[in-house]
Amino acid sequence: MRKLMATVFNYSLDGLLADEGTDFWKFCFDLPENREPDDAAHLDFLQSAYAHLMGRTAYESIAGAMTTSTDHPFADILNAGRKVVFSRTLKTADWANTTIAAGDTTEEIDKLRLGGDGHIVVWGGVGLWRSLMRLDLIDELQLSMFPYVAGEGTRLFDGVPKSHQLDLVSSTASSNGIVYLRYRRHR
């Protein structure tokens with residue numbers, strides 16, 4: 001059965017996501033890890049994914065960026081990869097290899113998990129992450145914790161279960177102080 005792995009980029013020490021237009025957003029995207037991501041292990045992780053899941057807002061943003069910035073290291077991976085967008089309002093998906101999942105979230109995830117090993121990457125957005133956490137469907141959570149106290153932004157874990165035990169799988173730090181944390185859902 002495939003694992004559902006949520007990737008959370010641009011996360012501050014005080015538990016906030018970098019919302020566009022904030023000082024934290026600017027800080028994150030001024031760092032080379034965001035401007036030109038080239039970590040071979042991370043690129044391989046994305047390349048080897050069975051599918052890439054997104055909510056409607058994340059899908060629209062990422063699709064726009066990857067289809068116009070074809071020199072971005074993620075562009076070839078995502079443009080060719082299988083994508084599933086979770087939306088009850090989106091009727092068509094123009095990005096190649098994209099299907100729309102508008103049914104019951106648990107049933108849609110169960111269908112994607114069947115049929116093999118490997119992993120499914122959940123890109124976000126916040127609504128999708130929270131929904132998957134409330135349904136206890138995420139197997140692993142990968143956070144990029146930035147050395148920054150944001151003070152403003154979106155709280156990732158608002159409205160999710162108060163008690164959620166995780167097991168640390170790995171932690172590594174970049175030369176810029178970003179700590180990459182990987183947690184597995186304790187079952």
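View 1. Buried means under 20% relative accessible area, exposed over 50%, and partly exposed in between (1.4 Å probe, protein chains only). This is a predicted model: local features need pLDDT of at least 70, side-chain atom pairs count only at pLDDT 80 or more, and totals for chains, interfaces and linings use all residues. Residues are numbered from 1 along each chain as its sequence is written, and side-chain values use heavy atoms, without hydrogens and water. The protein chain holds 7 helices and 10 strands. Helices (H or I, at least four residues) and strands (E, at least two) are DSSP runs, numbered from the N terminus. The C-alpha atoms fill a box of roughly 40 × 40 × 30 Å along the principal axes.

**View 2. Strand S10 (residues 179–185) pairs with strand S7 (residues 140–146).** The pairing is antiparallel, over 6 bridges. Two strands pair if DSSP finds at least two bridges between them. Tyr-183 in S10 is the bridge partner of Leu-141.

**View 3. Strand S9 (residues 166–173) joins S10 through 7 bridges.** These strands run antiparallel. Arg-184 in S10 is the bridge partner of Asp-167. The hairpin of S9 and S10 has 5 residues between the strands. Gly-177 takes a positive phi near 90° in this hairpin.

**View 4. Asn-10 lies in strand S1 (residues 3–12).** Asn-10 counts as buried because its relative accessibility is 8%. Asn-10 touches several residues (contact: heavy atoms within 4.5 Å), not counting those up to four places away in sequence. Among them are Leu-16, Phe-24, Cys-28, Asn-34, Ser-144 and Phe-146.
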